[in-house]
Amino acid sequence: MNPNLKVIFLGGVGDMGKNCTALQFGDDILVIDAGVSFPGDDMPGIDLIIPDFTWLKENKDKVKGIVITHAHEDHIGATPYLINEVKAPIYGSRLSIALIENKLREHPQVHARANVVKPKSVVRIGNFVVEFVNVNHSVAGAFALSITTPVGVVFVTGDFKIDFTPLSDAVTDLARIGEIGNRGVLLLMCDSTNVERLGHSISESTVAAGLEEIFKKSVNKRIIITAFATNVHRMQLMMDLAKQYKRKVAFAGRSMINNMEIAMKIGEIKFDHQLIVDIEKIKNYAHNEILILATGSQGQPNTALSRMANGEFNNVHIGEHDVIVYSSSPVPGTGNERLVANTINELTRCGAEVISNDEVADVHASGHAYQDEIKTIHALLRPKFFMPVHGDYKQQKVHRELSENMGMKPQSIIVPEIGDVIEISANTIKKTGTVQAGARLVDGLGVGDEESIVLRDRKQLAEEGMCLVVVAISSKNGSVVSGPDIITRGLIYSHEAEGILQEAKTTVEKTLNDSDLRAEDRTIIKSNIRRSLSNLLYKKTKRRPMILPIVVDV
């Protein structure tokens with residue numbers, strides 16, 4: 001048996017999202033998180049991007065357990081796809097497990113052995129002993145992991161911040177982290193998301209004060225707030241403020257409703273049920289008697305707030321009577337900044353007052369540590385080896401420089417990339433190889449890769465358009481019975497259509513006349529039509545549309 005520990009990165013480094021890391025010692029593998037990222041404009045029709053689990057599938061008999069740091073989509077979103085391949089127990093906080101179980105209802109063929117753990121819980125999983133350490137983040141039940149392996153302690157921060165006045169009672173357990181550091185840490189893997197931000201992140205209590213100020217000032221207006229639906233402590237704050245200022249609360253958006261129901265069921269949120277009204281009944285109340293909690297913090301087109309901005313939400317019509325608060329910020333690396341800006345612009349056009357940044361009020365606090373907090377973790381743990389994770393490559397590089405400035409030797413630090421296998425002994429750390437890793441695309445019920453024909457065709461349709469050619473040929477004498485009929489979509493502007501379509505028809509007719517329609521294979525005829533028409537359309541439009549010839553024998 002190889003006496004060294006292997007760390008395998010299937011996601012979460014070099015890019016934002018789809019966090020997934022595996023530790024292997026001997027014949028035991030421990031998986032940390034299984035998250036998703038979200039598609040950009042270059043992936044039409046794609047719902048989610050998940051890690052490539054091929055290596056884990058090939059080693060499924062060695063996977064002893066899956067541990068979850070927290071309940072954000074970039075850490076739990078791919079769990080149904082992983083569990084479908086790897087039948088291993090899952091360990092996570094009450095909220096993490098509840099949200100994972102809710103996801104599994106959409107995958108009835110997938111069954112999980114789920115285990116709820118609490119802060120300070122210790123679980124043996126194969127060759128690994130995992131301690132769950134409480135940390136602050138923008139979701140309840142977030143953990144760092146102290147993992148004792150046969151070669152030493154690996155400390156994984158997960159996504160974290162150090163908040164001395166959080167909305168919940170539990171602060172990041174610096175005392176326990178210090179004890180672990182005094183015991184000796186072989187390897188630290190630390191969140192890099194906000195490593196470029198100087199100082200210390202603001203507290204959730206500061207956000208509480210900022211939101212209360214808005215309630216005080218908006219006595220004659222309806223308040224609409226959008227935030228991450230998983231930030232249940234902030235949701236609790238908003239409902240407490242609504243009760244204090246005598247407003248009813250309505251939820252808008254399926255994910256908001258689902259998460260609130262789950263949080264209520266497990267006791268993460270508590271409130272008087274008489275406070276809640278159905279969104280369809282808000283017309284029975286004055287504007288200053290209502291608070292709406294809406295999805296749409298990232299500007300996605302079909303979310304509640306985006307539909308309100310476009311006048312497509314039946315029960316809410318935005319106007320001068322509205323104050324809209326973005327208690328959130330666009331997720332880095334997603335390109336959502338433009339979507340959010342567009343939505344804010346439309347809301348403002350409708351007459352609403354939009355509060356969206358800390359220059360106006362402190363209405364959002366990041367869940368990720370700034371430099372001073374990251375330095376605190378490094379100082380408390382004093383690891384022998386270090387790998388920056390949870391960030392793009394630039395952020396990882398900045399984090400490396402920070403650790404060097406704190407006294408770590410360059411040869412003790414590795415900036416990992418997806419697919420890397422890092423091997424660690426008590427005295428050495430080095431990259432020893434790679435495994436198959438990358439992205440898999442979820443499209444409805446299908447899963448494919450980035451080079452799939454389906455995605456390539458969609459990109460061509462989206463960028464170049466389509467041309468359909470239909471011609472009927474007599475099977476008896478090879479004459480053209482009808483057609484060619486030509487239909488285009490997304491290719492030709494109306495004022496150009498008639499002339500170009502006539503030329504296209506003439507081109508296809510010439511191609512058919514030059515062919516022996518009785519003898520030639522229909523595949524060859526289709527290929528000839530496609531080639532001649534492609535040349536013409538590129539000459540006329542400078543585009544290469546998808547050309548679909550249909551030859552019917554009659």
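The model is predicted; local features need pLDDT of at least 70, side-chain atom pairs count only at pLDDT 80 or more, and totals for chains, interfaces and linings use all residues. Residues are numbered from 1 along each chain as its sequence is written, and side-chain values use heavy atoms, with hydrogens and water left out.

The protein chain holds 15 helices and 27 strands (DSSP runs numbered from the N terminus: helices are H or I of at least four residues, strands are E of at least two). Its C-alpha trace spans about 90 × 70 × 45 Å along the principal axes. Of the 554 residues, 54% are buried (under 20% relative accessible area, with a 1.4 Å probe and protein chains only).

Thr149 lies in strand S11, which covers residues 143-149. Thr149 counts as buried because its relative accessibility is 7%. A polar atom of the Thr149 side chain lies 2.7 Å from the backbone oxygen of Gly152. Leaving aside residues up to four places away in sequence, Thr149 touches Leu5, Asn127, Phe128 and Val154.

Terms used: Buried means under 20% relative accessible area, exposed over 50%, partly exposed in between (1.4 Å probe, protein chains only). A polar contact is a pair of N or O atoms within 3.5 Å; within protein, one must be able to donate a hydrogen and the other to accept it, and residues adjacent in sequence count only if both atoms are side-chain atoms. Contact means heavy atoms within 4.5 Å.
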